[in-house]
Amino acid sequence: MAAPMRLGRALLLAHVWLLLVGCCWGCFGIRSSIQAPGKVRRVRESYVSEFVLGFNPKTRSPEYTEHAFFQHLYDATPRKVIKITLDGEKTGRHTITVTPNHYVVDIAGKLVKAEDLEIGDALLFVDVSSVKMAPAQITNLISTCDYVTNVFTMSDYIIVDNFIFSCFSSMSWLGVDIMEVKSIMFPQKMIYRFGLGMINTWLDYNLFGKWGLSVCGEPCVK
């Protein structure tokens, strides 16, 4: 009995630590949308354990994955973001809003930080009804401010506003980019698997909302 309790405490402490370390992880504008089965909803309207449309990098195809936890749902500070406008012959015009350090999947399937994108670059647009993909070219990049949040999935990928994103951002930890040690998220995923995903919501509310510890992206200075 003692061993499971020690494991539980260790997972919880690791969970809190990862939330604090992850405070600088990238996020999406709160008006961004995600695809649940049969319904498009705002990113903040999703809920833990819901299936949302993600992406399988091995097959390079969209597929549904579980929403494991929120990050910065209760962050009440506007953050610096990039509004990216894209246009394509088969896609029409679309805009996505994301923090500069968040990884987006480009047309070649590679991860690129939003701040490294340039006008003329192409991303893959996903038609969520047919799950078919088509290229869309970046026509405009604007730095602005918005309230943000992040949904973390069990597959580490999510489709937001019809474009493919990693759930990770570019963050250096002990000199190593977090993308190279994705197993660091194991404690949080284990807590979700144990049916305790709402712990994250409680911690998010208290650490980042009530106590204002969140630094998800650079805050906007008035």
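In this predicted model, Phe125 and Phe163 are both buried. Three aromatic pairs are found in the structure. In one of them, the ring centres of Phe125 and Phe163 lie 5.7 Å apart and the ring planes meet at 75°, so the pair is edge-to-face; planes over 60 degrees apart are assigned to that class. Phe125 belongs to strand S10 (residues 122–127) and Phe163 to strand S14 (residues 163–169), so the pair ties together parts of the chain that are 38 residues apart in sequence.

For Leu86, with neighbours within four places in sequence left aside, the contacts are Gly92, Arg93, His94, Ile96, Leu123, Ala136, Gln137, Ile138, Thr139 and Phe163.

The chain as a whole has three helices and 16 strands. Of its 222 residues, 50% are buried. Among contacts between residues at least 6 apart in sequence, 65% join residues at least 24 apart.

Val104 is placed in strand S8 (residues 102–105). The relative accessibility of Val104 is 2%, so Val104 counts as buried, the limit for that class being under 20%. When neighbours within four places in sequence are left aside, Val104 is in contact with Lys110, Leu111, Val112, Leu117, Leu123, Ile164 and Phe165. The C-alpha atoms of Val104 and Tyr157 are 9.5 Å apart in space, while the two residues are 53 residues apart in sequence.

Charged side chains were examined next. Side chains of opposite charge can pair when their charged atoms come close. The count of salt bridges comes to four. In one of them, the side chains of Asp146 and Arg31 meet with an N to O distance of 2.9 Å. This pair links distant parts of the chain, with Asp146 in strand S11 and Arg31 in the loop between strand S1 (28–29) and strand S2 (33–36), 115 residues apart. Asp146 has a relative accessible area of 6% and is therefore buried.

A salt bridge also joins the side chains of Arg41 and Glu50, at 2.7 Å from N to O. Both Arg41 and Glu50 are buried. In the salt bridge between Lys113 and Glu115, the closest N and O atoms are 3.5 Å apart. Lys113 counts as partly exposed because its relative accessibility is 22%, and Glu115 likewise counts as partly exposed, at 43%.

Backbone geometry was considered last. Most residues other than glycine have a negative phi. Ser49 has a phi near 90°, a positive value in a residue other than glycine. The position of Ser49 is in the loop between strand S3 (39–42) and strand S4 (51–56). With a relative accessible area of 39%, Ser49 is partly exposed.

A positive phi is also found at Val131, where the angle is about 60° although the residue is not a glycine. Val131 lies in the loop between S10 and strand S11 (132–146). The relative accessibility of Val131 is 34%, so Val131 counts as partly exposed.

Key:
Residues are numbered from 1 along each chain as its sequence is written. This is a predicted model: local features need pLDDT of at least 70, side-chain atom pairs count only at pLDDT 80 or more; totals for chains, interfaces and linings use all residues. Side-chain values use heavy atoms; hydrogens and water are left out. Rings of Phe, Tyr and Trp (its six-membered ring) pair if their centres lie within 6.5 Å; planes under 30 degrees apart count as stacked, over 60 as edge-to-face and the rest as tilted. Helices (H or I, at least four residues) and strands (E, at least two) are DSSP runs, numbered from the N terminus. Buried means under 20% relative accessible area, exposed over 50%, partly exposed in between (1.4 Å probe, protein chains only). Contact means heavy atoms within 4.5 Å.
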